[in-house]
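Biologist: I am new to this structure. Please walk me through it, and tell me what lies behind each label.

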Amino acid sequence: MSGGLAPGRIHFDGVYRISLESRYYNFATIEFVKNMKYTELFLIPVVSLVLLAAGCASPPERVLSDREPVYATLPNGFDPFNPSRPSSIYAEATAIPGDNLTRYLERKHGHALNMLSLSGGGQNGAFGAGFLIGWRESGNRPEFDVVGGVSTGALLSTHALLGTPADDAKLEEMYTQISSDDIYRNRGFLNIISGTDALKDTTPLRELIAKYVTPETLERVAAAYENNRLLVVGTTNVDFAQTWVWNMSLIAKAGELELYRDVLLASASFPIVFPPVEIDGHLFVDGAARSNVVVVGMGGTSRPGPPLHGPGNVYLLSNGRLNNPPEALRRALGSIAATTVGVMMDQSMQTAVTRTYFGTQLLGYKFNLVEIPDGVDIGNDPLAFDPVQMRTAFDAGLALGKQPSPWSNSPEESGDVPSWALKTIEESF
């Protein structure tokens, strides 16, 4: 690495430079340098041969898996292999006409539910960790009956469900005592051009998950399930182009520790940057690739009846901002590509929030949304895992969580859905 280049750039003796520029993930662009020295010219054939070999190299072909999911459904609770049929996982929950998972759990608990959904956001999961702790310290945080997580939200979800001060301490440690070295290792240039499946190696993240999700953790998640408290995690099955929502509570009950860890890793494996995770022959990447939010209990075969015990709460904790401030974009391939993907992800989040709002109203529940406040310096790269930025996000979440009323009760106006339409949805239910 040349000392004269910015961090994240690789420099090979003046022949060419691979620039890694990122807002949401790194894009590699090769810049050939003019006016090379005579002694450097002999490297051109070598580089050409390497690039040619990369073009000829290809990973082995895969066969589409026909293994039906034992623990996963579509977001609406239906069977991924037969999307018109409810999954057998929730057969009991949909046995009564007009019931769905929410109504089923209301019957089990004897009260309205408190459901928490934790979004993706990379290093900005530090905000969610801080908010959960501040919320508990305020004395207002309920015990959650259902917790759902995607990406970094999936990594937060286990200890958010368990909910003790000791679990909060683990969340703080996970998001304030790490750096990028605890998440990934850079893969060598030759690995990248010879047909690897990602720019990074996430062995450190796998080890981090194993550190915080132990056999004892699994037993506690299973015990919570015996009390009808549910944990789910969203992933993207790229073979089937579907969101698969995993019932982590069932996995814990079955004692399948490695599968539990694999699902968490898959949910947090941002495509291109992090390698996909193979489970039962299916290939999975970050759940946020299709949906940045998972809220279960909105499925069923028909419109649900009214709440059995009055309106409950859906809490949506966004580890990001729904509307980023404008900035002049530099006209460079890396900047344009990365920012464009960022805009697409922002839109995905806004769509998920609107969908969740609609579903919440349909359930007869109260919608509660919180996101990272403007003015908090979280940087432009959620995959940087910068300790300073993570501490800043954590402290912002901690302070906001302690506030008596930090929630918004409807989506922000983004120009996509008119306010009257949101108002009509609210009044209709």
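Biologist: In which hand does α3 pass α12, left-handed or right-handed?

Modeller: The crossing of α3 over α12 is right-handed. Bear in mind that this is a predicted model.

Biologist: What makes a crossing right-handed?

Modeller: The near helix is turned clockwise from the far one. That is the label α3 and α12 receive.

Biologist: Why are α3 and α12 called roughly parallel?

Modeller: Helix α3 covers residues 125–137, and helix α12 covers residues 387–401. They pack at an angle of about 30 degrees. Angles under 35 degrees count as roughly parallel. Therefore α3 and α12 are roughly parallel to each other.

Biologist: What else describes a packed pair of helices, besides the angle?

Modeller: The distance between the axes. For α3 and α12, the axes are 6 Å apart.

Biologist: Which residues make the contact?

Modeller: On α3, they are Ala126, Phe127, Ala129, Gly130, Phe131, Ile133, Gly134, Trp135 and Glu137. On α12, they are Met390, Ala393, Phe394, Ala396, Gly397, Leu398, Leu400 and Gly401.

Biologist: How do the residues of that contact divide by type?

Modeller: There are 12 nonpolar, four polar and one charged. Gly counts as polar here.

Biologist: Now Asn292. Where is Asn292 found?

Modeller: In the loop between β14 (282–286) and β15 (313–317).

Biologist: How do you know whether Asn292 is buried or exposed?

Modeller: Its relative accessible area is 9%. Buried means under 20%. So Asn292 is buried.

Biologist: What does the side chain of Asn292 reach?

Modeller: The backbone nitrogen of Gly120, at 3.1 Å. Leaving out residues up to four places away in sequence, Asn292 touches Ser119, Gly120, Val150, Ser348 and Met349.

Biologist: Why is Lys108 called partly exposed?

Modeller: Lys108 lies in helix α2, residues 101–109. Its relative accessible area is 42%. Buried means under 20% and exposed over 50%, with partly exposed in between. So Lys108 is partly exposed.

Biologist: How far apart are Lys108 and Asn228 in sequence and in space?

Modeller: They are 120 residues apart in sequence. From C-alpha to C-alpha, they are 7.0 Å apart in space. Setting aside neighbours within four places in sequence, Lys108 is in contact with Glu92 and Asn228.

Biologist: How many helices and strands does the protein have?

Modeller: It has 13 helices and 16 strands. Of its 429 residues, 52% count as buried. Among contacts between residues at least 6 apart in sequence, 73% join residues at least 24 apart.

Key: Residues numbered from 1 in each chain as written. Predicted model: local features only at pLDDT ≥ 70, side-chain atom pairs only at ≥ 80, totals over all residues. Heavy atoms only, no water. Axes fitted to C-alpha atoms, helices over the stretch in contact; angles between N-to-C directions. Helix = DSSP H or I, 4+ residues; strand = E, 2+ residues; numbered from the N terminus. Parallel < 35°, antiparallel > 145°, perpendicular 65-115°, else oblique. Contact = heavy atoms within 4.5 Å. Buried < 20%, exposed > 50% of the residue type's maximum accessible area, 1.4 Å probe, protein only. Polar contact = N/O pair within 3.5 Å; in protein donor to acceptor, adjacent residues only side chain to side chain.
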